[in-house]
Amino acid sequence: QVQPVESGGGLVQAGGSLRLPCAASGRTSSIYAMGWFRQAPGKEREFVAGISWNGVNTYYADSVKGRFTISRDNAKNTVYLQMNSLKPEDTAAYYCNRVSLATMTPIGGYWGQGTQVTVSS
């Protein structure tokens, strides 16, 4: 069971950057594809980015392509989301979890508390 712990969120002006780490506990966390998801108030949770277990393949939602970069350090059991050129519409709680890279949907049964990102205009 992968138990993610997200951090790194905060308040940033439009055009700014943030880097979100996700520490995924669990002895086998490094063998899973991992993804970032986000949920804005009143909206459903949506896929943001995914990365294969070895970091070779990455996938992005169209809304963040070219601005966000997902990466991982398996030695540290940590997945990162580098967010550049942030927009007010990126405001949401961000979560990481195991992901199916075939469907871009979460498959981990445990959700962390997430980390809030707020982008001011």
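The chain holds 11 strands and zero helices, where strands are DSSP runs of E with at least two residues and helices are runs of H or I with at least four, numbered from the N terminus. This is a predicted model, in which local features need pLDDT of at least 70, side-chain atom pairs count only at pLDDT 80 or more, and totals for chains, interfaces and linings use all residues. Residues are numbered from 1 along each chain as its sequence is written, and side-chain values use heavy atoms, with hydrogens and water left out.

**Overall form**
- Along the principal axes, the C-alpha atoms fill a box of roughly 40 × 25 × 25 Å.

**Burial and core**
- Of the 121 residues, 42% are buried, meaning under 20% relative accessible area with a 1.4 Å probe, protein chains only.
- The largest nonpolar core has 30 residues; such a core is a set of buried Ala, Val, Leu, Ile, Met, Phe, Trp, Tyr and Cys residues joined through side-chain atoms within 4.5 Å.
- Trp36, Val48, Phe68, Ile70, Leu81, Met83 and Tyr94 touch the most other members of this core.
- Strands giving two or more residues to this core include β4 (34-39), β7 (68-73) and β9 (92-100).

**Contacts**
- Leaving aside neighbours within four places in sequence, Tyr94 is in contact (heavy atoms within 4.5 Å) with residues including Glu6, Trp36, Phe68 and Val117.

Notes:
Buried < 20%, exposed > 50% of the residue type's maximum accessible area, 1.4 Å probe, protein only.
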